[in-house]
Amino acid sequence: MTAEDLQSGHIFLLDKPLDWTSFQAVNKLKYKLKREFNLPKKFKIGHAGTLDPRATGLLIVCCGKFTKNIPEIQDAPKEYWTEIKIGVQTESYDTEKPEILHQDISDITEEQIRTVLEKFTGEIQQKPPVFSAIKIDGKRAYNLARAGEEVEMKSRATTILYINAIEIDLPFVRFTVGCSKGTYIRSLAHDIGQELGVGAYLTQLRRTKIGEYSVEQANSRFLENDFRFNDTEYISDAGKDTDQ
């Protein structure tokens with residue numbers, strides 16, 4: 001790989017670690033590329049779909065001329081491996097905030113849970129979490145929420161393509177979900193809990209697919225301190241022909 005190759009266009013498939021922001025992952029990759037290949041200051045690079053800090057998994061990063069492919073990749077369906085905990089909630093709908101509103105779940109059955117999950121397939125209305133990157137009057141919702149301000153999120157249509165591979169080990173429920181662009185799995189977890197009448201929040205989330213790309217093709221070593229980019233075993237050629 002050369003600097004010219006990178007500026008002509010390349011796609012990196014990263015396995016984002018827990019507690020990293022997508023911005024941090026892209027910045028670290030950009031720093032390493034610029035250092036390794038002496039790239040210009042205005043070298044183009046960006047990710048094709050944010051992952052929350054508390055989520056892991058597939059983060060697609062496009063550089064050079066392939067940054068123009070970002071909207072197309074972002075529009076592709078996503079797949080996530082998901083774990084939720086029922087009978088309790090958090091303000092953030094995930095593990096960022098402490099547990100609140102504990103409820104008794106002794107009467108909840110596996111059949112009830114599976115029936116509720118079925119209700120969420122197809123097109124649904126969903127309110128994004130207040131702790132999200134959505135802008136409200138030019139400000140990020142999570143910044144307003146963390147400052148203690150009242151945040152009103154508007155419902156939006158999204159599509160749940162499938163929920164399968166369901167495992168129930170109360171209070172935890174695990175499943176794979178396929179969904180359209182713009183779906184908040186944290187909100188899905190919260191809404192499932194509301195439908196069950198006992199609350200729920202997202203405890204683990206791992207993005208496994210974006211369109212044709214899979215986390216199995218990705219590697220977290222891109223983000224390690226000792227990585228050298230001439231080790232081509234860890235550089236993905238996925239999507240190299242999408243510029244044609």
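Strand β4 and strand β10 (residues 200-210) run antiparallel and are joined by 9 bridges; two strands count as paired if DSSP finds at least two bridges between them. Within this pair, T82 stands opposite L205 in β10. The names of the elements follow DSSP runs numbered from the N terminus, where a helix is H or I with at least four residues and a strand is E with at least two.

The model is predicted, with local features needing pLDDT of at least 70 and side-chain atom pairs pLDDT 80 or more, while totals for chains, interfaces and linings use all residues. Residues are numbered from 1 along each chain as its sequence is written, and side-chain values use heavy atoms, with hydrogens and water left out.

The protein chain as a whole has 6 helices and 11 strands. Of its 244 residues, 48% are buried, a word that here means under 20% relative accessible area, with exposed being over 50% and partly exposed lying in between (1.4 Å probe, protein chains only). Contacts are pairs with heavy atoms within 4.5 Å. Among those between residues at least 6 apart in sequence, 70% join residues at least 24 apart.

Back to β4, which covers residues 78-86. Of its 9 residues, 8 are buried. Besides β10, β4 also pairs with β9, again antiparallel, through 8 bridges. Two positions show how this pairing is laid out: E79 has G178 as its bridge partner in β9, and E83 stands opposite R174. In a regular strand the side chains alternate between the two faces of the sheet.

What else does β9 pair with in the antiparallel sense? Strand β8 (residues 156-169) is joined to β9 over 7 bridges. N164 and its bridge partner T176 in β9 are one example. A hairpin of 2 residues links β8 to β9. Strand β9 is largely enclosed by the rest of the structure, because 7 of its 8 residues are buried.

Is T183 buried or exposed? Its relative accessibility is 11%, so T183 counts as buried. Leaving aside neighbours within four places in sequence, T183 is in contact with Q126, T158, T159 and I160. With T158 there is also a polar contact of 2.4 Å between the side chains. A polar contact is a pair of N or O atoms within 3.5 Å; within protein, one must be able to donate a hydrogen and the other to accept it, and residues adjacent in sequence count only if both atoms are side-chain atoms.
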